[in-house]
Amino acid sequence: MRFTDTLPTPPAEALAHSAELAARILAAITGNGGSIRFHDFMQMALYEPGLGYYVAGLRKIGADGDFVTAPEISPLFSQCLANQCAQILGELGGGEILELGAGSGKMAADMLKHLESIGCLPTRYRILDLSPELRQRQHQTLHQHVPHLLERVEWLDSLPAQPIRGVIVGNEVLDAMPVEVFQMVEGERVIQTVIVQGDEFHWGNATDAYTSEFNPALPAWMQSMADTLEAGALVLIDYGYEAADYYRPERNTGTLICHYQHRVHDNPLIYPGLQDITASVDFTAAANAGLDAGLNLGGYTTQAAFLASSGLETLFMQALEANPASQHHLAQQVRTLSLPSEMGERFKVMTFTKGFTPALAGFRLADQRHRL
């Protein structure tokens with residue numbers, strides 16, 4: 001991926017789709033007196049029923065989509081995460097896994113395959129995903145790779161009514177939650193709005209002041225996770241920073257970025273419904289929200305350290321032994337997942353626990369809770 005101002009022109013069908021969503025956003029702006037908060041714009045752009053980026057029938061993940069996630073890069077990522085889940089399930093005497101937003105289904109398939117190989121399958125593997133297109137793709141992926149385990153998989157439209165014992169997993173979930181954009185003007189935080197000029201969306205009150213974001217839904221979301229977990233752990237993997245780094249003076253344009261056809265750019269107001277819009281995670285805010293919700297902070301570290309603690313080297317050697325010709329390919333996967341210049345430092349792993357006291361294996365080599 002590269003940061004660019006030059007984007008491919010969407011095909012006519014996609015532009016028509018975007019125009020339909022833009023009309024709904026325009027109606028919301030008109031109905032609200034001429035502007036809406038950016039948070040509401042982002043909510044509609046990503047989640048408007050039938051039209052939003054994450055819920056419409058658009059190919060989002062993989063080489064023919066807009067971005068690639070860690071489970072798509074290498075099964076080693078999912079196998080390491082499965083090892084952490086296995087420890088938790090083992091300590092609980094069994095349980096289930098709930099994956100939030102399962103993407104292509106690759107992580108679910110690789111985790112189930114690995115958990116079966118080490119004799120630690122969950123009683124159920126539940127997937128909460130609101131995208132009909134992604135649900136279909138997940139089913140196809142699981143049918144292709146672990147057809148005999150499909151009977152353990154259940155798709156949900158909402159969080160389970162009864163709290164679960166086991167593990168809730170969210171890979172790149174927090175970064176997809178709508179944020180408020182703000183600017184600091186004369187010492188005051190000014191929430192940014194979106195307006196319409198001609199037939200285009202524009203920032204309504206933006207200046208050259210310090211700009212950043214925050215996630216207003218984080219406390220309620222974390223409370224919903226606490227309510228869903230009877231005993232076990234919540235494991236979150238995402239890219240972001242601790243608050244001191246997130247809001248440092250030099251980061252004066254915020255972290256909001258967009259992905260379209262593997263191009264990265266910084267204009268979230270174009271092509272609504274066709275591009276991904278994300279913001280880096282404030283992990284200090286996430287930790288505080290989890291603690292306020294009654295969860296215990298079980299660990300926080302970089303993706304590289306978590307993978308190393310979760311058996312990456314052993315899994316690499318096993319994969320190499322099974323297929324010696326794959327050495328170069330496997331080594332490249334490990335570099336992408338682990339190097340500081342790739343995903344290793346930018347991505348973090350944060351785990352919360354409830355009714356579970358054993359130390360988590362994924363933080364054996366490094367636990368950076370003190371940085372929060």
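Is F182 buried or exposed?

What we have here is a predicted model, where local features need pLDDT of at least 70, side-chain atom pairs count only at pLDDT 80 or more, and totals for chains, interfaces and linings use all residues. Residues are numbered from 1 along each chain as its sequence is written, and side-chain values use heavy atoms, with hydrogens and water left out.

Back to F182: at 5% relative accessibility, this residue counts as buried, a label for anything under 20% relative accessible area, with exposed meaning over 50% and partly exposed in between, for a 1.4 Å probe and protein chains only.

Now, the rings. Searching the whole structure gives 13 aromatic pairs. Rings of Phe, Tyr and Trp (its six-membered ring) pair if their centres lie within 6.5 Å; planes under 30 degrees apart are stacked, over 60 edge-to-face, and the rest tilted. One of the pairs is Y53 with Y54, edge-to-face at 5.2 Å centre to centre and 75° between the planes. Y53 is buried at 0% relative accessible area, and Y54 counts as buried too, at 14%.

F182 and F214 make a tilted pair, because their centres are 6.1 Å apart and their planes meet at 45°. F182 belongs to strand 7 (residues 180-185) and F214 to strand 11 (residues 211-214), so this pair ties together parts 32 residues apart in sequence. Strands here are DSSP runs (E, at least two residues), numbered from the N terminus.

Ring pairs also join F182 and F214 with Y241, Y246 and Y247 in a cluster.

Finally, charges over rings, meaning NZ of Lys or CZ of Arg within 6 Å of the ring centre and within 35 degrees of the ring normal. R189 lies over the face of F214, 4.3 Å from the ring centre, and the charged end of R251 sits over the ring of Y241, at 3.8 Å from its centre.

Terms used: Helices (H or I, at least four residues) and strands (E, at least two) are DSSP runs, numbered from the N terminus.
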